[in-house]
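Here's a quick briefing to read with the model open. Have the sequence handy too, and follow along topic by topic.

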Amino acid sequence: MGYTLIKHPLIDHKMTILRKKETSSMEFRQVANEIATLMGYEVTRDLETEEIEIETPICKTTGRVISGKKVGIVPILRAGLGMVEGLLTIIPAARVGHIGMYRDPETHKPVTYYSKLPKDVSSRLMLVVDPMLATGGSLIEAIDELKRNGAKNIKSINLLAAPEGVKAVQEAHPDVEIYLAALDERLNDDKYIVPGLGDAGDRLFGTK
């Protein structure tokens, strides 16, 4: 596995809006969900389908419907919440779990303080969502938590990432495909993505 950088004019346009420091929280939330919806089309491209017989107002015919693995969406709290509605727009039957983390002040490593997942994660395609993939620590821990609960098919959806974070996740979980709307230059000394868009959680919810 590796990462997929989803290139599309609409995604590029909307990512520019997210990056602008004057974008309001209301617009930021709306645009983040719109990008998640657009990314969802690519992320679910390989879902299995099966042919069924249906009847239109004119005649009988056949069509294709989703079959095989069901879908679960797991935002990493709190910023990941800003992408859930966008994905549910195109996958309304998906189950939604939540993983909450904080950073240990001494080790600086993420610690899971909350985990509520669908019971049948082993039979679902689990989509981990978080706007930012910076160092990769939170995403690695979230994937660890999913695997501890039996998940076997996991994908990550991130609006933007730093190369350092992508590399870290690939090394820790080479079986997990990462989907990105943008791959930025690097991390700065404070572990913020450059050029980035600031703190996604603060910008989504209007907090500092």
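Where is the place of Asp199? Asp199 sits in the loop between β13 and α6; helices (H or I, at least four residues) and strands (E, at least two) are DSSP runs, numbered from the N terminus. Keep in mind that this is a predicted model, where local features need pLDDT of at least 70, side-chain atom pairs count only at pLDDT 80 or more, and totals for chains, interfaces and linings use all residues. Residues are numbered from 1 along each chain as its sequence is written, and side-chain values use heavy atoms, with hydrogens and water left out.

- UniProt, in an unreviewed entry, lists Ile193, Gly198, Asp199 and Ala200 under "binding site". Its positions are given in the numbering used here, feature names are shortened, and annotations may be inferred rather than shown by experiment.
- Of these residues, Ile193, Gly198, Asp199 and Ala200 are included in the lining of the largest pocket. On a 1 Å grid over the protein atoms alone, a pocket is an open set of points where a 1.4 Å probe fits, with protein on both sides within 12 Å along at least five of seven lines, and lining residues have an atom within 4 Å of a point.
- Asp199 counts as partly exposed at 31% relative accessibility; the scale is buried under 20% relative accessible area, exposed over 50%, and partly exposed in between (1.4 Å probe, protein chains only).
- Leaving aside residues up to four places away in sequence, Asp199 touches Arg78 and Tyr192, where contact means heavy atoms within 4.5 Å.
- The Asp199 side chain also reaches the backbone nitrogen of Asp202 at 2.9 Å.
- Gly198 is in the loop between β13 (193–194) and α6 as well, and is partly exposed, with a relative accessible area of 32%.
- With residues up to four places away in sequence again not counted, Gly198 touches Met132 and Tyr192.

**Salt bridges**

- The structure holds 11 salt bridges, each a side-chain nitrogen of Lys or Arg within 4 Å of a carboxyl oxygen of Asp or Glu.
- One of them joins the side chains of Asp202 and Arg78 (2.7 Å, N to O). Asp202 lies in helix α6 (residues 200–205) and Arg78 in the loop between β4 and α3 (81–90), so the pair ties together parts that are 124 residues apart in sequence.
- Asp202 is buried, with a relative accessible area of 18%, whereas Arg78 is partly exposed at 35%.
- Arg148 and Glu145 meet in a salt bridge too, at 2.7 Å from N to O. Both lie in helix α4 (residues 137–148), 3 residues apart, which is about one turn of the helix.
- Arg148 is exposed at 52% relative accessibility, while Glu145 is buried at 12%.
- Glu141, Glu145 and Arg148 are linked in a network of salt bridges.
- Glu42 pairs with Arg45, with the closest N and O atoms 3.0 Å apart. Glu42 is partly exposed at 26% relative accessibility, and Arg45 is exposed at 61%.

**Strand pairing around β6**

- Strand β4 (residues 70–77) runs parallel to strand β6 (residues 98–103), with 2 bridges joining them; two strands pair if DSSP finds at least two bridges between them.
- On that side, Leu77 stands opposite Gly100 in β6.
- β6 is also joined to strand β7 (residues 110–116), by 6 bridges, and these two run antiparallel.
- Here Ile99 stands opposite Ser115 in β7.

Definitions and conventions:
A polar contact is a pair of N or O atoms within 3.5 Å; within protein, one must be able to donate a hydrogen and the other to accept it, and residues adjacent in sequence count only if both atoms are side-chain atoms.
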